[in-house]
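Student: I have a model open and some terms to check. Can we go through them one by one?

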Amino acid sequence: KDEKKEKKKESAIINLLDGKDSLNVNIFLKQFRRTNPEVVSIIEKGDIAQMDVDQCKVMYNLLPDSDKMQPLLAFKGDSNRLGNAEKFYLLLWKLSSFKVRIESMRLRHEFVIGYDFIKPSLEKMVQTVGELKESDDLCELLSIVLTTGNFINMGGYAGDAAGFKMNSLLKMDDTRANKPRMTLVHFIVEVVEDHYPHLLDVRSSLSQLKDCARLSLDTLQNDVAELSRKVMQADRFLERAPADLIDQMSDFMKSAKEKMEELSLMVQNIQNATHELAVFYCEDESNFKLEAFVGMINQFVGRIEAAHEENLQRKARETREEKRRKAKEERERELAAKGKEKKKKDLREAPEMEEGCVDKLLAEIRDGTNLRRRASGSPMRDAWKKMKFMRKVFGSTKKYASIDSPGGGGGRDSLALPARTERAHSSPDIGMENGVVETLEALKEEHQHLEEPESKSTEPV
């Protein structure tokens, strides 16, 4: 048992680093799936293809200093019993200028990434500045805006202007028309649609405008300055570096310096073009910002495109409404024609009504059969139902006076009664009854008069 305990003690791993440091180093080394000597060889050769930029940053943060290495260098026991992190640190410490090597690998990664972003961005800005000065479509569109503004302000202090400030382009939505959801932008777009349709595609002459609107010249200048500072710093470090590292970095440093000169020249050209652009659009050079101006033009062009789509939708909506209005008018005309035809048909069918219906109605009214009050309503309700047919057939004439139905006010239930000079009765029902009787008698006479021509026509000539 004592021998087993001694063997376990001898085989136990010795950790001299802090637990957190040891864990971080082991996690980092497992990413490579390589042995410690192979990882150190990658650093020695500066093989950036085997170690990406993120791994270089992590490795740089994990580099040991003299305080961490002191217990490792003072260890006199069996180095094979040390932990994996301790073994890696001892191998790395033997490599000359390991910190400069890792820093140079990170610089090469970061320079490629930064250059690949900065150069295309500067090229887009150079192209956009040139297009803003050379775009005929944009200048023609701005002249239409100026002409429209002068027409609106005609006779005022702002009329007959030679130009306008470019920030006024974003205020045109504040000028509204008498139509709902229509502004000055929509009116200008209507003019362009009718007379200058090629200007609706103004963005085609400003191909990089949308992408350039997201960029900032100040930010790009700072990125160029920061990249240049790192290159100069690496140049100073290489003065004290080993010969093999200088050979590794010589080609890169030469190419990096040339590319930095190219970027600096592009920034200078953009600054000069910015001043020319401010003069071209009559803007104040001291307050002129390229990114603000490009963003404003991009927003204006986008508003033109949106207004064009809104105009198309509004015209389609107005077309649908016009079709609905015409269809409604057509239906009303058809209904009016059907109503006239139905009235003529009723007049033609009037002589065929049941014989003696008027006499029967008069007899019932004289007997008082339909004048009794009922729970359902007025005592004249049944009489009115029979009289509606007579009114439908003969209609009202000028010799009849209006009397309301027992069910309520005038309108459809009103009946034309003969005008009378005296209408004082002791009972409203009796007075109404007399009026109804007189009306029915008059209707009966008219009915008989209509039947006479038909009876005469049956006699032989």
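Tutor: Start with the lining of the largest pocket: by class it has 9 nonpolar, 6 polar and 1 charged residues. The model is predicted: local features need pLDDT of at least 70, side-chain atom pairs count only at pLDDT 80 or more, and totals for chains, interfaces and linings use all residues. Residues are numbered from 1 along each chain as its sequence is written, and side-chain values use heavy atoms, with hydrogens and water left out.

Student: What makes a residue nonpolar, polar or charged here?

Tutor: Ala, Val, Leu, Ile, Met, Phe, Trp, Tyr, Cys and Pro count as nonpolar; Asp, Glu, Lys and Arg as charged; the others, Gly among them, as polar.

Student: What makes a space a pocket, and what makes a residue part of the lining?

Tutor: On a 1 Å grid over the protein atoms alone, a pocket is an open set of points with protein on both sides within 12 Å along at least five of seven lines, and a lining residue has an atom within 4 Å of a point. The largest pocket holds about 370 Å³ of space. Of its 16 lining residues, Val 145, Gly 149, Asn 153, Phe 164 and Ser 168 are the closest to its centre.

Student: Which helix gives the most to that lining of the largest pocket?

Tutor: Helix α8 (residues 136–152), with 5 residues. Helices here are DSSP runs (H or I, at least four residues), numbered from the N terminus.

Student: How do the lining residues of the second largest pocket divide by class?

Tutor: They divide into 9 nonpolar, 2 polar and no charged. Leu 142, Phe 164 and Tyr 281 are among the lining residues. Here too α8 supplies the largest share, 4 residues. The space in the second largest pocket is about 240 Å³.

Student: Why are α7 and α11 called roughly antiparallel?

Tutor: The axes of α7 (residues 98–134) and α11 (residues 217–237) come within 10 Å and cross at roughly 150 degrees. Angles over 145 degrees count as roughly antiparallel. α7 and α11 are therefore roughly antiparallel to each other.

Student: What is the handedness of the crossing of α7 and α11?

Tutor: Left-handed. That term applies if the near helix is turned anticlockwise from the far one by less than a right angle; clockwise is right-handed.

Student: Which residues of α3 meet α6?

Tutor: Asn 36, Pro 37, Val 39, Val 40 and Ile 43. Contact means heavy atoms within 4.5 Å. By class, the contact of α3 with α6 has 7 nonpolar, 2 polar and 1 charged residues. α3 passes α6 in a right-handed crossing.

Notes. Axes are lines fitted to C-alpha atoms, for helices over the stretch in contact, and angles run from 0 to 180 degrees between N-to-C directions. Helices (H or I, at least four residues) and strands (E, at least two) are DSSP runs, numbered from the N terminus. Angles under 35 degrees count as roughly parallel, over 145 as roughly antiparallel, 65 to 115 as roughly perpendicular and the rest as oblique. On a 1 Å grid over the protein atoms alone, a cavity is a set of points where a 1.4 Å probe fits but cannot get out, and a pocket is an open set with protein on both sides within 12 Å along at least five of seven lines; lining residues have an atom within 4 Å of a point. Grid points are joined across faces, edges and corners, and a volume is the space filled by probe spheres set on the points.
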